[in-house]
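Dear colleague,

Please find below the sequence and structure that I am handing over to you. My findings follow directly after them.

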Amino acid sequence: MYLIGTVVGTGLVILAFLSRREEGKLLERMSVYLYKKGCIYRIPMLNAHHVQRDLESLYPGQSGLLLQGDYYRKKIRLLLSVLCVGTLLGVLARICSDMGSSLTEQGELLRPARGQGTQQVELQVRMQGEEPGVISVQVPERRLTRQEAQELYEEFWEAWKRETLGNNPSWREVSSSLTPVEELEGYPFEVSWKSSDYEVLGGSGAVYEPQTSTEVTLTVESRYLDLCWQEELDILVVPRTLEGAELLAAQAWDAYCLAQEEAADRDRIQLPEKLGENALEWREIRENHSAVLMLMTVVTAAAVFLFQDRDLHQQVLKRRERMKENYPVMLSKLILYLGAGMTIRGAFQKIALDYHARQEGVQRSLYEPLYEEMLYACNRLQAGVSESRTLELWAARTGLQDCAKLSALLVQNLKKGNTALLTRLREEGDRALQEELNLHRKKGEEAGTALLVPMIMMMAIVMVLVMVPAFQSFGI
């Protein structure tokens, strides 16, 4: 039922993504709804004042509230898209995990297809009132025709005994579980074994220690197609008692071995439903990364939502850096126009309108934020705002200390008059040019430092190309 529900849910998600128009409208409506709810409940993440300030700086002349609403709606829509994609991937991961199961609902293990070799499957066995036991079983391929081969048996037998003995010093001093294997790498033999006393030595090699040391005979049968070898090992077992989940796992292993032998010629192995009078419940242990994928989806969505504000602020900082680069050129033009006899208002509008003309001409793609702010300030002047107030707002919107200083000089000249305005502006221009020179020198030094590592790598490569032939010529 869970698999059916998972498939249906996946189908609905896929249909939503296939109908892109409807999916887009749905996400848009959801983002608007969530943003309205966030504004109603005054969620801080959806009402950040610094975001509104950054948006107003990036888009002069537009309403900060409208810009903030559009910005957060887009963020929420992106967040919902990430959650939808992550959910889809998680559901698909769960479906792949369920579809690749070797254990059927009828309690049967599917054998691997011919040529795939032996398949390892982890099973969890549960009994009512007991802790679940875990066993790892090897499911071999379906037995087909056999061919004659027996050259390596003696070597294989000695290697198999060493592998099976494990950490025990000898077959007469078995104090820990044996590690018998059905196949040994490098040898084409299939091995089966049985114990003369399963209460002492289980079919999995586990030792169920009796009260006293006990003699047990391990009968080992090696097969390769139609050839068969049978050996007997006399083992002295040291007593030990198993309890709880360990005992259940060992008994379940013995039950599986018997079921595997009975179904040797069939495609499926029917696992036992009872152990004595107690019912058994089998469940395959498989890797399922859907929970980790869902957690990563939530973390990624949260990171995308939170780091967008940082990216927005980085755009504002880059914009201010670009305005700082434009400041010396703009100040030189202002000094030139004022020196030619133009008023402050006329010079300011002249610089802004020249930039606007360039934008409408060949260099339409050129964007200079400092001149955009001046153009926006000229619109204020035409709307009837006073020159002093316009200059103060222009300096505040740029966020540059240099513009604030220039605005103070111009406003002081408008209010009180200043005969030394041009002298002060020329001093400010010289300082701005020197600061721009220092800035370019600093960027050059940073670029040189960044190129230092590739230069060292190239020098090392050249040294290797020169030194290796030299050493080879000397026979080193």
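**Packing of two helices**

Helix H3 crosses H7 in a left-handed manner. Please note that this is a predicted model.

Two packed helices are described by the angle between their axes and the distance between the axes. Here, H3 (residues 49–58) and H7 (residues 290–339) make an angle of about 40°, and their axes lie 10 Å apart.

The contact is made on the H3 side by His50, Val51, Asp54, Leu55, Ser57 and Leu58. On the H7 side, these meet Asp309, Leu312, His313, Gln315, Val316 and Arg319. Sorted by class, the residues of this contact are five nonpolar, four polar and three charged.

**The sheet and its helix**

Strands of a sheet pair through backbone hydrogen bonds, either parallel or antiparallel. In this model, four strands form an open sheet with antiparallel pairing, in the order S3-S2-S9-S8. Strands S3 (133–139) and S8 (274–275) are at the edges and have a single partner strand each, so one side of each has no neighbour in the sheet.

The partner of S3 is S2 (residues 119–127), and seven bridges join the two in the antiparallel sense. Within this pair, valine 121 has valine 137 in S3 as its bridge partner. Helix H6 (residues 244–262) packs on the sheet, where it touches S2, S3, S8 and S9 (278–285). The direction of H6 makes about 25° with that of S3.

Yours sincerely

Methods
Residues are numbered from 1 along each chain as its sequence is written. This is a predicted model: local features need pLDDT of at least 70, side-chain atom pairs count only at pLDDT 80 or more; totals for chains, interfaces and linings use all residues. Side-chain values use heavy atoms; hydrogens and water are left out. Axes are lines fitted to C-alpha atoms, for helices over the stretch in contact, and angles run from 0 to 180 degrees between N-to-C directions. A crossing is left-handed if the near helix is turned anticlockwise from the far one by less than a right angle, and right-handed if clockwise. Contact means heavy atoms within 4.5 Å. Ala, Val, Leu, Ile, Met, Phe, Trp, Tyr, Cys and Pro count as nonpolar, Asp, Glu, Lys and Arg as charged, and the others, Gly among them, as polar. Two strands pair if DSSP finds at least two bridges between them.
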